[in-house]
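Have the viewer open while you read.

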Amino acid sequence: MSGGKNVKVLLFGAAADLAGKREIGVSVAADSSLDELWEAVVVEYPRLSPMRQTLAFAVNGEYAEKGAKVSPGDEVAFLPPVSGG
Amino acid sequence: MFRVVEGEINVAAMISSAQRPDSGAISTFIGTTRVDESDGASVEYLEYEAYRPMADEKLAEVGAEIRGKWDVRHVAITHRLGKVAPGEASVAIVVASPRRGPAFEASRYAIERIKEIVPIWKREVWSDGYVWVGSQIGTRGAK
């Protein structure tokens with residue numbers, strides 16, 4: 001592993017607002033969990049921290065639980081409570 | 001039949017596409033921008049964003065759920081993104097069924113499911129700031 005950013009994290013709505021970014025590059029090891037990725041992101045973007053209880057997550061376009069595996073090359077999305085309609 | 005669009009929703013075209021000889025009922029739900037007022041301020045417009053293509057896929061999933069629950073012969077859902085002015089449609093759901101009961105029930109179910117599983121977010125832009133609906137995070141009340 002090169003140690004470069006190998007996972008693309010997309011942020012939406014209030015999460016994008018708080019982070020001040022819509023896309024973040026994160027470096028994860030081969031068998032990381034979504035939870036570990038979240039912890040790494042929060043260190044860099046502490047303003048996201050209060051959203052922990054309400055955020056949902058997606059890996060490669062499908063909802064995923066916090067314990068789900070994240071691999072290099074995946075696309076992760078931080079999804080605030082949805083409010084369409 | 002399940003679409004996320006940037007411009008105005010053509011509700012009339014959605015309804016005419018739903019008219020068919022095996023169905024005696026077409027139910028149409030249209031969600032529109034309401035001007036709320038509080039603290040001497042009011043909503044100026046709503047602005048929607050989506051995670052695509054997941055949002056498109058989840059709209060289709062809502063449609064598939066409906067077909068599994070009711071005898072419906074046509075289901076179309078369109079959700080608009082970007083700015084939606086007062087009175088304009090942000091979402092339209094059109095369901096055709098042989099009878100009115102399933103048509104009504106399915107369209108109600110569709111809007112409730114959209115609000116649960118489709119990754120679309122609404123920002124209320126007020127005269128004194130904005131709020132991300134659902135997160136209640138924004139610049140209103142930060143005065």
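On a 1 Å grid over the protein atoms alone, a pocket is an open set of points with protein on both sides within 12 Å along at least five of seven lines, where a 1.4 Å probe fits, and lining residues have an atom within 4 Å of a point. With that in hand, the second largest pocket is lined by B:M1, B:R3, B:V5, B:E8, B:I9, B:N10, B:A13, B:M14, B:S17, B:H74, B:A76 and B:T78. At least two lining residues each come from β1 (2-5), α1 (11-18) and β5 (74-80) of chain B. Helices (H or I, at least four residues) and strands (E, at least two) are DSSP runs, numbered from the N terminus.

Some ground rules: this is a predicted model, with local features needing pLDDT of at least 70 and side-chain atom pairs counting only at pLDDT 80 or more, while totals for chains, interfaces and linings use all residues. Residues are numbered from 1 along each chain as its sequence is written, chains are lettered from A and ligands numbered from 1 in the order in which they are written, and side-chain values use heavy atoms, with hydrogens and water left out.

Volumes here are the space filled by probe spheres set on the grid points, which are joined across faces, edges and corners. For the classes, Ala, Val, Leu, Ile, Met, Phe, Trp, Tyr, Cys and Pro are nonpolar, Asp, Glu, Lys and Arg are charged, and the others, Gly among them, are polar.

| Pocket | Volume | Lining residues by class |
|---|---|---|
| Largest pocket | about 260 Å³ | 5 nonpolar, 5 polar, 5 charged |
| Second largest pocket | about 170 Å³ | 6 nonpolar, 4 polar, 2 charged |

The largest pocket holds about 260 Å³ of space. It has 15 lining residues, and B:T32, B:R34, B:L46, B:K115 and B:K122 sit closest to its centre. Two or more lining residues come from each of β2 (25-32), β4 (41-50), α3 and β8 (120-126) of chain B, with β2(B) giving the largest share, 3 residues.

**The chain as a whole**

Chain B has 3 helices and 10 strands, in the order β-α-β-β-β-α-β-β-β-α-β-β-β from the N terminus. Its C-alpha atoms fill a box of roughly 55 × 25 × 25 Å along the principal axes. Of the 143 residues in chain B, 50% are buried (under 20% relative accessible area, with exposed being over 50%; 1.4 Å probe, protein chains only).

**A helix pair**

How do α2 (residues 54-69) and α3 (residues 100-117) of chain B cross? Their axes come within 10 Å and cross at roughly 145° (axes are lines fitted to C-alpha atoms over the stretch in contact, and angles run from 0 to 180 degrees between N-to-C directions). On the α2(B) side, B:K58, B:L59, B:E61, B:V62, B:E65, B:I66 and B:K69 meet B:A106, B:Y109, B:A110, B:R113, B:I114 and B:I117 of α3(B) (contact means heavy atoms within 4.5 Å). That contact has 8 nonpolar, 5 charged and no polar residues.

Most residues other than glycine have a negative phi, and most peptide bonds are trans. B:R52 and B:P53 are joined by a cis peptide bond, with omega about 5°, and B:P53 is in the loop between β4 and α2 of chain B. B:D39 has a positive phi near 50°; B:D39 is exposed, at 72% relative accessible area. B:Q136, also not a glycine, has a positive phi of about 55° and counts as exposed at 58% relative accessibility.
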